[in-house]
Each structure stands twice: as C-alpha cells, then as structure tokens.
Amino acid sequence: LNISTAGVSRPNFAIVPVGDNGKISIYLQAGGNAIIDVMGYYVDGQTTSAPGRFIPIANPERWMDTRGLGGAPLPASYGGVPRLANPGETVQVPILGSSTLPPTGVSALVVNITATTVVTGGYLQAIPTGTVGATHSNVNYVVGSAAANTAIIPLGTGGTISVYTSQSTNIIVDVVGYITDGTAAVQTLGLFVPITPGRAYNTRVPSPGNPFTAGQSRTVQLTGLAAPDFPVVPVGASGVSANLTVVSPVANGFLTVYPNTEPATSNLNYAAGKTVANASLLALNGSGQVTAKMSQGGHVLIDLNGYFLAAAG
C-alpha cells in the first residue's frame with residue numbers, strides 16, 4: 001500500500017502468509033491509523049481440493065459500469081439509464097450473460113471494483129447480495145481521481161454480489177475469476193502457495209529507468225526468475241498473487257495487466273504524479289507471463305507474494 005497524499009484514506013487488498021503464533025505484522029513508514037478487514041483464509045497442507053481454489057478466467061470481464069460505457073451491463077434498478085449511484089445506495093451487480101464463468105461450482109467472485117466521477121469523498125463496500133450490517137470497506141475514494149481495489153466476494157441471494165456506496169459516484173465491477181465451492185472437481189488447479197514476497201519487475205532500475213509511455217504494452221516474465229534477486233514462482237504456475245504499483249505517472253490513467261487478449265477492464269487507476277498500488281490475482285499465459293499496458297506514461301512495479309498451482313498431469 002502506497003500513500004502519496006496526506007490525510008487521504010487508502011485501502012489495498014492483500015493475501016498475507018501467517019507468521020509466528022498465527023499473527024501478521026504491519027509497518028507504517030509515515031505513521032497513521034490502520035484498519036484490517038479479514039475476508040477469508042487459506043487452509044494449510046491441502047494437496048487437492050474441491051472448494052477454495054482460485055480459477056482465473058482467460059480474459060477479465062466487465063460486469064457493470066454505471067457510466068453506460070463499453071457495452072457493460074447497467075444494474076436492473078437503473079432502468080437502462082446511466083447515472084451516478086446515489087449516496088447510501090446498494091447496487092446489485094448484473095450477471096454477465098456472455099461470461100465464461102461456469103454455471104455451477106462457484107462460491108465467490110474475484111473482482112476489481114472502481115469508483116470514478118466522484119462527487120465527494122466516501123467508500124464502496126462489496127457484499128453478497130442480501131447481506132445487512134456489514135462494517136468493512138473495499139474502496140476509499142476522493143474527488144479528482146478514480147480509485148480501485150481487488151476483492152473476493154461470496155455469492156449472495158440469486159448467486160449475485162452487490163456494491164454499497166456511501167456517497168455519489170460511478171461504480172465499475174470487473175471480474176477476473178472465481179473461487180470454487182464444494183461441488184467443483186477435486187484437483188490441484190488454483191491451490192494457493194505463499195512465497196517470501198519479492199519484487200519481480202521494476203521499470204525504475206537499472207538507473208535511469210525505463211518508464212512506460214502512454215498506450216505502451218510490455219510482456220513481463222513472472223515464473224522461473226532467479227533467486228535471491230527475484231521472488232520464486234515455478235514454471236507451470238497458473239497464476240500469481242501480485243501487488244501492482246504505478247510510480248510518477250505523467251497524467252491520470254489506468255494500468256491493465258492480462259494473460260492473453262487485452263480486455264476492456266483495468267487493474268489500477270492513478271492520478272498524475274501520485275504513487276498508487278493495488279493488489280491483483282493474475283492469470284499467467286502458457287509461458288508464465290503477463291502483459292502490462294499503461295494508458296498514460298509512468299513507472300510500474302510488480303511484487304509477488306504467492307502463486308496458484310496448475311492442474312495435475
């Protein structure tokens with residue numbers, strides 16, 4: 001998590017290995033208050049499993065965009081008319097009819113949620129549809145820039161999820177994959193393996209660096225990197241748990257990271273001159289790579305803290 005503006009609340013999703021006595025630690029470089037919302041856990045020692053596995057989809061999908069852009073569905077409550085979500089409104093995310101997700105075997109969605117066209121500072125809360133009394137937050141936003149965060153949201157009423165906003169804003173929901181339930185096949189695909197966190201990619205080194213230009217895409221290798229200089233993800237992994245950071249962007253924009261065909265989605269939104277981070281669960285292509293694309297120029301960092309197994313055999 002990077003905080004580049006004093007006095008602004010900033011969240012980030014993270015998968016954190018448990019340390020001594022079942023605890024984790026937090027370091028704040030500049031000080032401040034910290035809030036931790038727990039969304040779930042991984043069971044240790046599983047060699048195969050039906051539930052709890054992360055299955056990325058080949059190309060991330062935009063399931064909702066209240067701006068009415070790009071052909072993404074509008075919530076049923078909008079009656080086909082794009083608008084800002086109202087303060088205190090809970091919006092049910094429509095199920096994308098053309099989605100590549102399976103009709104069964106899904107317990108939760110892995111999503112990237114974005115607030116944009118913000119009217120005043122507030123927060124988004126992603127919940128299983130029908131949930132009441134939730135006290136967590138997923139995205140904190142301020143006027144002047146879009147804000148995004150990754151979340152794993154269990155399915156609620158009707159197999160759907162919903163998003164609550166405390167203030168008026170547009171809401172975008174991109175689906176990157178799902179978590180299996182107990183009816184899924186028993187196998188290794190999607191089991192999580194934590195690693196010692198490390199930096200796999202950094203456009204700032206070697207000096208003077210090689211930042212992205214506007215609209216540029218690059219292929220990044222994330223498996224088979226050499227220890228101890230890089231985090232160790234074995235060849236053949238199906239995906240990674242990553243933290244993406246944009247440093248010194250020249251203008252407001254977004255970063256998209258994907259395995260194959262470029263999707264109409266984003267992973268991280270940034271404002272000019274601000275350092276911004278967002279965690280992501282990323283599918284890898286067959287060569288253990290991802291493609292990163294910047295809409296505006298700036299430096300990109302990719303830190304890894306774990307990986308997901310491929311199917312056995």
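Select V18, which lies in the segment before strand 1. Strands here are DSSP runs of E with at least two residues, numbered from the N terminus. V18 is exposed, with a relative accessible area of 59%. Exposed means over 50%, buried under 20%, and partly exposed in between, with a 1.4 Å probe and protein chains only.

The model is predicted: local features need pLDDT of at least 70, side-chain atom pairs count only at pLDDT 80 or more, and totals for chains, interfaces and linings use all residues. Residues are numbered from 1 along each chain as its sequence is written, and side-chain values use heavy atoms, without hydrogens and water.

Together they make a nonpolar surface patch of about 650 Å². Patch residues have over 30% relative accessible area and no salt bridge, and nonpolar side chains (Val, Leu, Ile, Met, Phe, Trp, Tyr) are joined within 5 Å.

**Into the core**

Next, select L109, V111, I113, L124 and I171. In the largest nonpolar core, of 29 residues, these touch the most other members. Such a core is a set of buried Ala, Val, Leu, Ile, Met, Phe, Trp, Tyr and Cys residues joined through side-chain atoms within 4.5 Å. Strand 3 gives the most, with five residues. Stay on I171: beyond four places in sequence, its contacts (heavy atoms within 4.5 Å) include M64, A85, I113, L124 and V163. A second, separate core has 27 residues, among them L222, L225, V257 and L282.

**Salt bridges**

The count is five salt bridges. Each is a side-chain nitrogen of Lys or Arg within 4 Å of a carboxyl oxygen of Asp or Glu.

- Select D174 and R62: their closest N and O atoms are 2.6 Å apart. D174 is in strand 8 and R62 in strand 1, 112 residues apart. D174 is buried at 1% relative accessibility, and R62 is buried at 19%.
- Go to E89 and R83, at 2.9 Å between the closest N and O atoms. E89 is buried at 14%, while R83 is partly exposed at 27%.
- Then pick D303 and R199, 2.6 Å from N to O. D303 lies in strand 16 and R199 in strand 9, so the pair ties together parts 104 residues apart in sequence.

**Last stop**

Select N285, in the loop between strand 14 (276-283) and strand 15 (289-294). N285 counts as buried, at 18% relative accessibility. A polar atom of its side chain lies 2.9 Å from the backbone nitrogen of Q289. Beyond four places in sequence, N285 is in contact with P259 and N260.

Definitions and conventions:
Helix = DSSP H or I, 4+ residues; strand = E, 2+ residues; numbered from the N terminus. Patch = residues over 30% accessible without salt bridge, like charges linked within 9 Å, V, L, I, M, F, W, Y side chains within 5 Å. Areas by Shrake-Rupley, 256 points an atom, 1.4 Å probe, with all protein chains shown as cover. Polar contact = N/O pair within 3.5 Å; in protein donor to acceptor, adjacent residues only side chain to side chain.
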